[in-house]
Amino acid sequence: MKLLKENSYEIVRLFINQVGITIFSLVLYTGLDFGMGKDSSHTVRIWLSVFATVFYLILLYNAGWEYGSKDKIKIDAGKMGAVRGKGVIMAVVANSLNFLFAIIGVVSMAIYFATEAAWLYTVFSVANLFLRFFCAMYLGIIQGIFSYLPANSNMDYFFETVGFGVMPLLAIAATQIGYLFGSKDIRIVNLFKSKPQGPTMGGRD
């Protein structure tokens with residue numbers, strides 16, 4: 001709890017990044033529907049989703065790197081100890097609502113398949129609507145993955161909800177990698193730079 005309290009600003013910032021990229025994604029999808037019609041190519045929608053998701057992961061990586069870099073200064077100064085998996089912890093909390101609604105949606109729909117209780121389908125619909133709105137950047141990718149299922153079917157919605165519960169793992173990984181690299185002062189650009197060769201031994205020919 002102390003870790004969450006001390007890093008509440010960073011966690012909220014991660015969530016705000018999600019809200020921002022969600023709005024950005026919805027604008028892209030809306031523009032696509034108006035420009036090409038609602039029956040526009042699924043391929044275009046998938047690529048828009050890939051673009052938005054990659055952009056989102058870059059934002060999370062940069063945020064994680066910044067947090068890790070700040071902690072490195074404190075760790076080196078002896079003001080705090082290293083916390084393994086801190087990026088994971090912060091990202092899980094920031095994505096907690098996504099996981100919560102995904103679990104609610106999957107469980108309620110699974111029970112609905114067995115009981116056909118109408119109120120369970122209502123619970124699922126609310127959870128699914130939340131996920132489609134707050135995880136809009138993943139929507140095109142998820143719909144592309146499960147495009148082999150009949151459109152607008154209960155099974156289609158069920159598996160898409162499972163997808164919404166899995167995709168945030170990418171956000172958690174991006175944040176943790178960024179934090180880890182930042183805490184070790186590792187920059188991705190430097191990884192691709194060739195190391196300068198040292199002076200050669202021996203005299204001239």
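**Entry: where two helices meet**

I began with a pair of neighbours: Leu131, Arg132, Phe133 and Phe134 in helix 6 are in contact with Ala136, Met137, Leu139 and Gln143 in helix 7. Contact here means heavy atoms within 4.5 Å. Helices (H or I, at least four residues) and strands (E, at least two) are DSSP runs, numbered from the N terminus. I sorted the residues of this contact of helix 6 with helix 7 and got 6 nonpolar, 1 polar and 1 charged. For that sorting, Ala, Val, Leu, Ile, Met, Phe, Trp, Tyr, Cys and Pro count as nonpolar, Asp, Glu, Lys and Arg as charged, and the others, Gly among them, as polar.

Next I looked up the geometry. The axes of helix 6 (residues 118-134) and helix 7 (residues 136-145) come within 5 Å and cross at roughly 105°. That makes helix 6 roughly perpendicular to helix 7, a term for angles of 65 to 115 degrees. The axes are lines fitted to C-alpha atoms, for helices over the stretch in contact, and the angles run from 0 to 180 degrees between N-to-C directions.

**Entry: what I am working with**

I noted that this is a predicted model, in which local features need pLDDT of at least 70 and side-chain atom pairs count only at pLDDT 80 or more, while totals for chains, interfaces and linings use all residues. Residues are numbered from 1 along each chain as its sequence is written, and side-chain values use heavy atoms, with hydrogens and water left out.

**Entry: the whole protein**

I counted elements and found 10 helices and 0 strands. Of the 205 residues, 38% count as buried. Buried means under 20% relative accessible area, exposed over 50%, and partly exposed in between (1.4 Å probe, protein chains only). Among contacts between residues at least 6 apart in sequence, 78% join residues at least 24 apart.

**Entry: the cores**

How many residues does the largest nonpolar core have? I found 31, and Leu14, Tyr56, Leu131, Tyr138 and Phe164 have the most contacts inside it. Such a core is a set of buried Ala, Val, Leu, Ile, Met, Phe, Trp, Tyr and Cys residues joined through side-chain atoms within 4.5 Å. Two or more residues come from each of helix 2 (8-36), helix 3 (42-76), helix 4 (86-94), helix 5, helix 6, helix 7 and helix 9. A second, separate core of 6 residues includes Tyr112, Ala117, Phe124 and Phe158.

I then followed Leu14. Leaving aside residues up to four places away in sequence, Leu14 touches Leu60, Ala63, Tyr67, Met90, Ala91, Ala94 and Thr175.

**Entry: helix 8 and Phe164**

I checked the length of helix 8 (residues 154-166). Its 13 residues should span 18 Å at 1.5 Å a residue, and its end C-alpha atoms are 19 Å apart, which agrees. The expected span is 1.5 Å times one less than the number of residues. Its buried residues are Asp156, Phe158, Glu160, Thr161, Gly163, Phe164 and Gly165, and they pack against helix 5 (96-115), helix 6, helix 7 and helix 9 (168-183).

Is Phe164 buried or exposed? Phe164 counts as buried, because its relative accessibility is 0%. Beyond residues up to four places away in sequence, Phe164 touches Leu131, Arg132, Cys135, Tyr138, Leu139 and Ile142.

**Entry: helix 3 and Trp47**

The 35 residues of helix 3 should span 51 Å at 1.5 Å a residue, and the end C-alpha atoms are 50 Å apart, which agrees. Trp47 is in this helix and counts as exposed, because its relative accessibility is 59%. Trp47 and Ile141 are 94 residues apart in sequence, yet 7.9 Å apart in space, C-alpha to C-alpha. Just after helix 3, Gly78 takes a positive phi of about 80°.

Glu116 is in the loop between helix 5 and helix 6. Its phi is near 60°, a positive value in a residue other than glycine, and at 63% relative accessibility Glu116 counts as exposed. Asp185 is in the loop between helix 9 and helix 10 (188-191). Its phi is near 55°, and at 48% relative accessibility Asp185 counts as partly exposed.

Definitions and conventions. Angles under 35 degrees count as roughly parallel, over 145 as roughly antiparallel, 65 to 115 as roughly perpendicular and the rest as oblique.
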